[in-house]
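Colleague: I've got this one open and I'd like to go through the labels with you. Can you show it again and take my questions in turn?

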Amino acid sequence: MFRSFRVFNYRTWFLGAVISNIGTWMQSTAQDWVVLTELTDNDATAMGITMALQFGPPLLLVSLTGWVADRFDRRKILLTTQTVLMLLAIAISVLLLTGVMTLPLMFLFALAFGTTNAFDAPARQAFVSDMVRLEDASNAVALNSASFNMARLIGPAVGGILIVAIGSGWVFAANAVTFLAMLVALLAIRTRELLPRAKNRRSGGLAEGFHYVRRRPDLLVVFAMVLLIGAFGMNFPIFASTMALEFDQGADGYGLLSSVLAIGSLTGALLAARRDRARVRVLVIGACAFGVVSLISILMPVYWTYAVTLVFVGFSTVTILTTANGYVQTTTDPALRGRVLALYMAVVMGSTPIGAPIAGWVANTFGPRAAIAVGGVAGLVAFGIGITWMISSGRLHRHEEKRFMLSLDETRPLRVIDPVDEDAFAGAPSVAPAVTTPIRIDHGDAEPRPPEGPIVRNP
């Protein structure tokens with residue numbers, strides 16, 4: 001489960017990320033509560049606009065951010081973005097503590113956070129593959145998710161308590177301090193131990209990433225499922241805050257709901273770390289579970305029963321995101337990984353500007369339970385897309401040995417001998433680029449059928 005921890009750089013990165021993520025979740029809780037209760041009179045639509053501004057830039061800047069993640073030193077990119085995010089947190093803290101913060105100013109800061117995160121997210125995701133070997137990438141992604149959700153377990157609860165105890169401005173100040181942990185970790189990483197990065201031998205920028213994804217129906221299905229669930233089902237700040245108000249809870253009650261959601265998320269991330277690789281079938285099952293549990297949650301009559309259902313919502317959510325992220329990372333050509341991950345992050349984060357204002361409007365007009373119901377239906381539609389592709393693609397078929405079982409052909413990366421470029425990797429001997437090939441696996445320990453042509457199997 002923890003095999004990626006054998007790498008010093010990854011251990012260092014993980015520790016810094018946990019501390020920094022705790023602060024980020026504290027700030028996220030404070031920001032949502034400030035917009036909902038301090039800058040407006042429980043206006044969920046304003047909260048949705050804030051989320052849209054914060055998550056919109058990854059979609060608008062995707063043509064640039066993926067190219068930057070592939071072209072420049074990812075460690076230096078992260079040092080820059082983390083510093084900017086720390087300075088933004090300090091600025092908001094000062095404005096709140098001095099009593100001059102307004103809703104338009106908060107909108108501007110949300111846009112600034114979103115723009116910075118648009119460059120930070122693809123570089124951060126791709127940097128994982130710079131620290132660990134390809135066969136450990138899925139495990140590292142799952143552990144990253146565990147780190148994120150450990151912070152999610154602690155941060156919102158602490159943030160909610162601090163809002164009540166000392167005020168929201170100091171929560172932003174505390175988050176600024178936690179960024180130092182990530183900056184120290186990035187400076188402590190041993191650059192000589194980072195894995196060599198693949199060079200993209202052709203021009204084309206993001207267009208090449210689009211072209212690559214367009215030729216991969218499996219990736220198109222993954223992106224479509226994540227887009228649907230991300231847009232309409234993962235607006236948890238709106239859902240949790242408005243449900244907390246419906247149950248007559250304050251900021252601490254809202255923070256507790258976010259932490260309860262993280263209990264299931266952390267469990268899902270740890271289970272994902274045990275899997276040897278990411279599989280589309282797990283993503284499809286997770287989408288179905290998300291839709292069903294979300295619809296069940298709207299029937300809960302009291303605060304505590306609703307909180308219990310959030311454990312299962314969190315579990316299915318992280319199963320979806322971790323599986324999708326790991327699948328994209330481990331089945332994508334390394335030379336295009338930054339651009340494809342930028343597209344993926346644009347789908348994940350860029351779906352919020354589509355869905356958050358809608359969710360806020362539905363919550364204001366019809367109540368929070370109706371908004372959650374829309375998300376649950378989106379999960380079931382995503383499940384339908386996934387299962388339809390599995391059947392229509394011909395990958396799902398009857399198991400050859402087990403009479404009442406089905407098996408699914410998987411996509412796994414294979415290294416194919418390609419003599420066209422002697423310098424495929426910077427600072428390293430010639431190594432053939434990875435491509436993805438659908439291969440048939442009937443049971444877990446069976447050898448995959450190789451594609452035609454000379455290959456070198458993954459170690």
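Colleague: Let's begin with charges: how many salt bridges does the structure hold?

Modeller: Five salt bridges. Keep in mind that this is a predicted model.

Colleague: What makes R124 and D120 a salt bridge?

Modeller: The N to O distance between their side chains is 1.9 Å. The cut-off is 4 Å between a side-chain nitrogen of Lys or Arg and a carboxyl oxygen of Asp or Glu, so the pair qualifies.

Colleague: And how are R124 and D120 placed in helix α6?

Modeller: They sit four residues apart in α6, which means about one helical turn separates them.

Colleague: Why do you call α6 largely enclosed?

Modeller: Because 21 of its 29 residues are buried, the rest of the structure largely encloses α6.

Colleague: On to R216: where does it lie?

Modeller: R216 is in the loop between α9 (205-214) and α10.

Colleague: Why is R216 called buried?

Modeller: Its relative accessibility is 8%, and the limit is under 20%, so R216 counts as buried.

Colleague: Which side chains does R216 meet in polar contacts?

Modeller: One is Y212, at 2.9 Å. Another is D218, at 2.8 Å. Polar contacts need N or O atoms within 3.5 Å, so both distances pass. R216 and D218 also form a salt bridge, with the closest N and O atoms 2.8 Å apart. D218 is at 3% relative accessible area, so D218 is buried.

Colleague: D218 is in the list for α10, I see. What else is buried in that helix?

Modeller: The buried residues of α10 include L219, V221, V222, F223 and M225. The helix covers residues 217-232, and its 16 residues reach 23 Å from first C-alpha to last, close to the expected 22 Å.

Colleague: Which residues have the most contacts inside the largest nonpolar core?

Modeller: F223 and Y306, in a core of 118 residues. Helix α15 (residues 337-366) gives the largest share of this core, 14 residues.

Colleague: What does Y306 touch, leaving aside neighbours within four places in sequence?

Modeller: Its contacts are F239, M243, F247, L257, S297, M300 and I372.

Colleague: Last pair: what makes E246 and R369 a salt bridge?

Modeller: Their side chains meet at 2.9 Å, N to O, and the cut-off is 4 Å, so the label holds. This pair links distant parts of the chain, 123 residues apart: E246 is in helix α11 (residues 236-246) and R369 in helix α16 (residues 368-392).

Colleague: Why are E246 and R369 classed as partly exposed?

Modeller: E246 is at 37% and R369 at 22%.

How values were computed: Residues are numbered from 1 along each chain as its sequence is written. This is a predicted model: local features need pLDDT of at least 70, side-chain atom pairs count only at pLDDT 80 or more; totals for chains, interfaces and linings use all residues. Side-chain values use heavy atoms; hydrogens and water are left out. Buried means under 20% relative accessible area, exposed over 50%, partly exposed in between (1.4 Å probe, protein chains only). Helices (H or I, at least four residues) and strands (E, at least two) are DSSP runs, numbered from the N terminus. The expected span of a helix is 1.5 Å times one less than its number of residues. A nonpolar core is a set of buried Ala, Val, Leu, Ile, Met, Phe, Trp, Tyr and Cys residues joined through side-chain atoms within 4.5 Å. Contact means heavy atoms within 4.5 Å. A polar contact is a pair of N or O atoms within 3.5 Å; within protein, one must be able to donate a hydrogen and the other to accept it, and residues adjacent in sequence count only if both atoms are side-chain atoms.
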